[in-house]
Amino acid sequence: MFRKALAAAAAAVFSAALLSAPAQAAHTHPTADSKRVVVYYQTQYLNNVYVSPKALTEHKTGVTDVLVGAIHLNSDGTTHLNDFPPGDARFTQMWADLHAMQAQGVHVSAFVGGAAQGSFRGLDTDFANYYPRLKNVITTYGLDGVDLDVEENMSQAGINRLIDQLTTDFGTGFIITLAPVAPALTGGGNLSGFNYETLERERGSNIDWYNAQFYCGWGSMANTSGYDSIINRGLFPPNKVVAGVVTNSANCSGYVPLATLKSTLASLVAKYPNFGGVDGWEYFNSDPGGTAAPWQWAGEMTSAMSGGSSGPANLALNKPATGSTPCASTEGPEKAVNGSVSGGNSDKFCSLAASKYLQVDLGSSQSIGSFEISHASAGGESASYNTRAYTIQTSANGSSWTTRVTVTNNTAGVTTHTVSGVSARYVRLNITRPTQGTDPAARIYELKVFA
């Protein structure tokens, strides 16, 4: 991948509690040794609105690692996270959110370098002045590891020295990964200068895995052939090769449609039981949820690598659904319980009726803990079509209803509502204001119910 240093992206100080802790890496949870779900997190702000990664844990996506960056060690002695110092106050919330995710068992690493060159040249030729700044970032923000994205010439001795020093300073539990283009793991094209096969032979015991870039002209995950060629070479075991993909066609060339990618991942898991996993470049606009619900990508990846289970069971999935008169025969209530939001504009329940509702029969009485609704922008439509006001009701018999949720001013593309002490067979979504403006059509891409 070519890591883009986005002008609007930056990072900042950690929560006060973490800043007062001893200076050490935060690695306290075991590292997954296969089927990892790794998310690159560089766009922390989109149109001046903060993009939090916490939805990845709030929605129980199965994410294992978040790589925040890019860290740049500048020649003038400063250190930046994209365009700002890591301690910039505008990103206090980001560090606090990442800390909260660590408490949930997610590993948070910093990725260093990328397309903006200079960091690794400095670490190679002026180690004494450059390395202490990297060490300071790790200790100050309690990071679990680093991802070394070397896209400039660095010597074999230089990368060895860096890995040795990181291991000495932070121990064998500290996560060290690298992000080569995929051909570099088969002796082919390479952006890093040093030889990755030599690196694995000489320092492989201190490297956790490689986030191999199968995109931007360096390979494809449309099938397993590129990954197979790495494994068949006999040096890199499957558990150390994580397949890197772009999460949105706008991020770089080589985007693989979700259904195809999931099929490839399922094939790799079947072929290699200790398959290393998948990483996504990058978080903020990941399909199928896009900018409205980028966390959905991680859940889809977990599902693909676990035989279809990506977290708590959706009690409404493919259950009988009824509703008000649909806009078209292809936009009936069943589309809102089919488990998909990525099938185009017709992959939704749409209604223009005066009284708009969607009702699901769970089949039997179920204990209910939360509801999740995917509105228009989750399916790729304008956010102006997101449902503005609605209620959620439950019933034991389909005739007597109790209101559990009332919303009057929603703007989000995906909404989650937690309830307690609720048991019901029927769930009903009543739409009282279908859009943000005057458009009269209700658009519900998915209604999920969880225990």
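I count Ala, Val, Leu, Ile, Met, Phe, Trp, Tyr, Cys and Pro as nonpolar, Asp, Glu, Lys and Arg as charged, and the others, Gly among them, as polar. The model is predicted, so I note that local features need pLDDT of at least 70, side-chain atom pairs count only at pLDDT 80 or more, and totals for chains, interfaces and linings use all residues. Residues are numbered from 1 along each chain as its sequence is written, and side-chain values use heavy atoms, without hydrogens and water.

Cavity. I took a cavity as a set of points on a 1 Å grid over the protein atoms alone where a 1.4 Å probe fits but cannot get out, with lining residues having an atom within 4 Å of a point. Grid points are joined across faces, edges and corners, and the volume is the space filled by probe spheres set on the points. I found one cavity of 30 Å³ or more. Its lining consists of Val-246, Thr-247, Tyr-255, Val-256, Leu-258, Leu-261, Asp-287 and Trp-297: six nonpolar, one polar and one charged.

Salt bridges. I searched for a side-chain nitrogen of Lys or Arg within 4 Å of a carboxyl oxygen of Asp or Glu and found 14 salt bridges in the whole structure. Glu-331 pairs with Lys-348, their closest N and O atoms being 3.1 Å apart. Shared partners join Glu-331, Lys-348, Glu-381, Asp-439 and Arg-443 into one network of salt bridges.

Note on methods: 1 Å grid on protein atoms, 1.4 Å probe; cavity = no way out; pocket = protein on both sides within 12 Å on 5 of 7 lines; lining within 4 Å.
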